[in-house]
Structure formats: structure tokens, C-alpha cells
Amino acid sequence: MTIIFKNLCEYYRKYKDLYYIFIWKEFSIRYKQTSLGVIWAVLQPLSLMGLFTVIFTYIMPVKISNVPQPVFFYAGLLPWTFFSSSMNYSISSLTNNFDLIRKIYFPREILPVSRIVVAFIDFMIASGIFVVLLAVHRIPLNWSTLYFFPLVGLLVLFTVSFSLIFTIMNVYYRDVQLAINFLLQLWFFMTPVFYSTTQIPAKYKMLVSLNPLCFIIDGMRKSVVEGLLPSWKEFSFMLCYAIVLLIISYRVFKAAERKFADVL
Amino acid sequence: MSSDMPVIIFDDVWKKYSKSSFFHRSLREDLIKVFSFKENAGLVANEFWALKTNSFKIFKGETVGLYGPNGAGKTTILKLIANVTYPNKGTVSVTKSVAPLIAIGAGFHFDLSGKENIYVNGTILGMKIKEIDQKLDSIIKFSGIEEFINMPIKNYSSGMYLRLAFSIAIHSEADIYLFDEILGVGEDKEFQEKCFQKVLELKEKKKTILWASHDLEMLKKFSDRIFFVNKGEITVEDIL
């Protein structure tokens with residue numbers, strides 16, 4: 001345990017400047033030529049929230065839950081947007097920087113991870129809008145709201161793992177880059193963003209719970225909007241799932257890293 | 001030649017590359033490879049040895065020139081030392097820090113200004129942000145493009161681009177410096193002269209220098225030893 005800690009400190013000391021510069025670079029490049037700038041961070045979840053609210057209130061009226069529709073949708077769209085944009089940004093991080101990879105050594109995970117951090121900055125901005133939305137709908141905050149933060153931690157762990165896996169695959173098979181939009185679309189429909197987990201028939205529940213986003217979104221809604229505390233047992237299970245997945249994906253990434261320069 | 005400990009040791013290093021434009025032959029083959037654990041020692045279709053049976057030692061303070069035709073394996077040697085790629089057989093051990101100046105301009109982004117790119121490229125070359133803060137003036141001065149340093153580099157001429165890139169590279173601190181043809185690049189005689197001065201300074205500071213070039217006369221002038229690289233094999237010649 002102490003060895004792991006020591007290695008992490010060493011790693012941090014050695015590469016924190018490089019992380020910082022990469023994050024800053026990705027962030028400033030992304031918004032340099034745009035006129036709306038960081039407003040883009042909230043535009044996607046907000047517009048989808050508006051769209052779903054219109055669809056499920058006027059066009060196809062459905063009562064999904066007891067919470068106000070916009071809050072319900074936004075609570076799902078907030079983590080979903082972070083996940084999908086992280087995947088989208090990070091997946092091409094190695095192939096776009098092939099010139100760098102072929103010429104100089106540094107830990108390659110810095111490339112996808114710094115793009116995820118940029119998506120996380122967007123997520124934090126969008127979370128601010130969430131707070132405003134809760135205030136507008138007079139949803140009281142209480143102790144259970146704090147559960148939001150461990151869930152964000154879980155979300156980040158899963159996002160990094162999935163991103164690493166897909167990023168490596170994209171180095172070897174560029175099909176991934178073409179497939180990712182389609183894949184994320186499928187994933188979106190399998191995730192309870194515009195429906196509630198209570199609407200899923202019992203026999204499919206097991207299948208759906210394999211999708212970690214399902215647990216995270218459900219938990220965020222329950223804790224923040226409805227003021228309920230989910231079971232710690234389930235949370236501990238998901239945490240183990242996340243950690244194991246992260247270790248595996250990181251190991252695979254480090255093993256594949258040695259070949260990147262020759263393959264790209 | 002210095003009698004110190006060697007800083008770079010190549011022990012029977014073999015490196016192969018594939019000629020085919022696609023990396024993977026098939027998904028099935030790759031999956032089998034993942035589970036078979038041991039590296040395939042022979043060559044399969046379309047592969048060739050970029051380096052073979054190379055063993056040599058380079059000592060602290062030496063300047064070694066790499067000479068050979070295109071595709072002889074010069075860059076592969078530099079890449080192996082820079083830890084960018086790995087040998088298929090044999091071992092490469094490097095005991096000191098490396099400034100891989102084969103990567104001049106690495107990570108440059110065209111929308112960022114010259115100054116911003118100094119930070120990006122500098123950290124990639126292994127400098128700390130604080131270190132760059134201290135060296136910033138010197139880097140800008142050496143490049144000689146003070147007026148344009150806040151301009152996005154997409155508007156730079158190729159000469160300005162090279163000047164900036166080289167200036168950052170030469171300011172990185174390491175024990176081993178790798179150069180790949182860059183000293184011969186460009187028509188900019190004045191700047192080239194400046195670069196040679198800088199390389200000579202490194203030499204005086206007892207830094208180890210490896211550089212690849214097509215220009216044998218120049219290599220002979222500055223190097224202690226020359227490695228003649230041909231079809232992946234090396235013959236060594238001492239310069240007196």
C-alpha cells in the first residue's frame with residue numbers, strides 16, 4: 001500500500017506540470033475560436049432538457065415521476081453529457097497526437113485523461129446550472145444531497161476506464177472512431193436519462209444494472225431531487241466494480257503503450 | 001574518449017517494422033498474439049529488420065555522429081534511446097536523462113501564440129513550468145522573433161517556426177542530447193551558426209550528444225566517433 005502511495009506521489013511530482021499544460025491547452029484551444037465559449041458547456045444538456053420537457057409534456061404527455069420534468073431530465077443529462085463528451089474527446093486523443101507519440105516519451109494516458117478533465121470542467125459549469133434549476137423549482141437541499149459527490153467520483157472512475165479502453169482500441173482499429181457516435185446513441189437509450197429505473201420491467205433490471213451509468217443517474221436523482229439515501233451496500237459494490245475496471249483498463253493501456261509509436 | 005561509465009548501452013538490439021500500410025493483419029491473429037505471451041522472434045510477411053545485431057556503448061561526454069542513407073536505421077536508433085519505441089530483441093539501457101531533440105516543435109498548436117507554445121513544447125520536452133518561466137526571455141531572445149512572440153504560430157513562416165522550436169529544444173536540460181538532421185535544416189545560415197555554437201557549448205559541458213546527418217564532413221568536424229549505419233547494421237569509426 002505504501003509503495004503504491006509512494007509511486008503515486010512520484011508520478012504526481014514528475015508529471016503534474018505536463019498535465020496542467022495539456023489541460024490548459026485543450027481547454028483554450030477548444031474555446032479559442034468559438035463565440036459562445038464556455039456557454040457550450042451548458043448548451044447541450046439545457047437544450048436536450050427543453051426538448052424532452054416539450055415532448056413529454058405536450059406531444060406525448062407521460063408522467064415519468066413525481067419530480068418536475070425539467071429537473072428530472074437535467075439530473076440525468078448532467079452525468080450523461082459528461083460521460084459522452086469525455087468519450088468523444090478522448091477517443092481520438094492518441095491518433096490526433098501521433099506526431100508527438102512517435103517522437104517523444106511521456107505517459108500516454110496524459111492525452112486522454114487531460115481531455116476528460118476538460119469535459120469535467122464543463123460538467124462543473126453545468127452542475128452550477130443544476131443548482132439554479134433546483135432553486136427555481138424550490139427543491140430543498142438536505143443531507144442526502146451530499147451523496148451527489150461520491151457518485152460523481154464513481155462517474156469519473158467509470159468514465160476514465162471506458163475512455164482508456166476505447167482510446168486504445170481506436171489506435172488499432174479506426175473503426176472505433178466511426179462507431180462511437182452510434183455506440184453512444186445506443187448507450188444513451190439504454191441509460192435511464194429520459195425514463196426512470198422504476199419503469200423498467202423487473203426481468204430486465206439485472207441487465208440494465210450492468211450499465212454503471214444507470215446506478216449513478218438513479219442515485220443522483222434520488223439523493224438530490226427526492227432526498228432519499230440509496231443503500232451503501234450497492235454503492236460499495238459499484239465502487240469495487242469501478243476500481244477493478246480502472247485497474248484492468250489502466251494495465252491494458254500501459255501494456256499497449258509500448259507499441260503505440262510503431263502502430264500509429 | 002571518456003573512461004566513465006557508459007550512459008547508453010545497446011546489447012544485441014533487433015528492431016523490426018512492417019511494410020504494410022495496415023497495422024493489423026487480422027483481429028483473429030491479434031487475439032492469438034495477446035494470449036501467446038511470447039514475442040514472435042522471426043519475421044512474418046511484409047516485415048523487415050530496421051536494426052539487427054547491434055551492440056555498442058556510448059560514454060559520458062562523447063559526441064557521436066550517425067551517418068547513413070535514408071532508411072538505414074538512424075532515426076530508429078535515436079527513437080530507441082528516447083524510449084519512444086522498444087526493441088523486439090535485446091536490451092537498450094540508458095542511465096541518464098535524455099533530451100530527445102528529434103521532437104522539435106512537438107505538440108505545437110497552430111492556434112496558440114509563440115509564447116504559449118513555448119510552454120506546451122517545453123513541458124513536453126521535460127521542463128517544469130517554473131523552469132520555463134525563468135528561461136522564457138532567453139528562449140525568446142535566442143529565437144530572434146521577439147516581435148512575433150504573441151502571434152498565433154499559424155502565421156509564422158517556416159523559418160520562424162524552426163527558430164522557435166529549436167530555441168526551446170536547446171534550452172532543455174539533460175545529460176544526453178539527440179539531434180535528427182535538424183542542424184542541416186533550413187537556409188538560415190546565421191541561425192544555423194548560432195545553433196552550432198550552442199551545440200559546442202553542450203560539448204564543453206561534457207554532455208553526451210548523438211546526431212544523425214547526411215553531411216559527413218560536418219559530422220567529422222564535430223564528432224568523436226562516427227557510426228556508419230547501413231541496412232540496420234553499424235560500423236564504428238573513431239575520429240582523431
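**View 1. The second largest pocket of the predicted model, with about 1000 Å³ of space.** In this model, which is predicted rather than determined by experiment, the lining of the second largest pocket comprises 26 residues, and those closest to its centre are A:Leu8, A:Tyr11, A:Tyr19, A:Leu246 and A:Tyr250. The lining residues divide into 21 nonpolar, one polar and four charged.

**View 2. The helices of chain A that line the second largest pocket.** The elements that each contribute two or more residues to this lining are helix 1, helix 6 (110-136), helix 7 (148-172) and helix 11, which belong to chain A. Among these, helix 1 of chain A gives the most to the lining of the second largest pocket, namely ten residues.

**View 3. The contact between chain A and chain B, formed by 27 residues from chain A and 31 residues from chain B.** The size of an interface is often expressed as the accessible area that is lost when the parts come together. For chain A and chain B, the area buried between them is about 2700 Å², and 63% of it lies on carbon and sulfur atoms.

**View 4. The side of chain A that touches chain B, with helix 1 of chain A giving the largest share.** Two or more residues each are supplied to this side by helix 1 (2-32), helix 5 (98-103) and helix 11 (232-263) of chain A. The share of helix 1 of chain A amounts to twelve residues. By residue class, the side of chain A that touches chain B divides into 14 nonpolar, two polar and eleven charged residues.

**View 5. The largest cavity, holding about 30 Å³ of space.** Empty space that remains among the atoms is shown by rolling over them a probe the size of a water molecule. When the whole structure is searched, one cavity of 30 Å³ or more is found. The lining of the largest cavity is made up of B:Val7, B:Lys60, B:Lys96, B:Asp175, B:Lys206, B:Lys207 and B:Thr208, and by residue class this lining divides into one nonpolar, one polar and five charged residues.

Terms used
Residues numbered from 1 in each chain as written. Chains lettered and ligands numbered in written order. Predicted model: local features only at pLDDT ≥ 70, side-chain atom pairs only at ≥ 80, totals over all residues. Heavy atoms only, no water. Contact = heavy atoms within 4.5 Å. Buried area = accessible area lost by both parts, 1.4 Å probe. Helix = DSSP H or I, 4+ residues; strand = E, 2+ residues; numbered from the N terminus. Nonpolar A, V, L, I, M, F, W, Y, C, P; charged D, E, K, R; others polar. 1 Å grid on protein atoms, 1.4 Å probe; cavity = no way out; pocket = protein on both sides within 12 Å on 5 of 7 lines; lining within 4 Å. Points joined across faces, edges and corners; volume = space filled by probe spheres on them.
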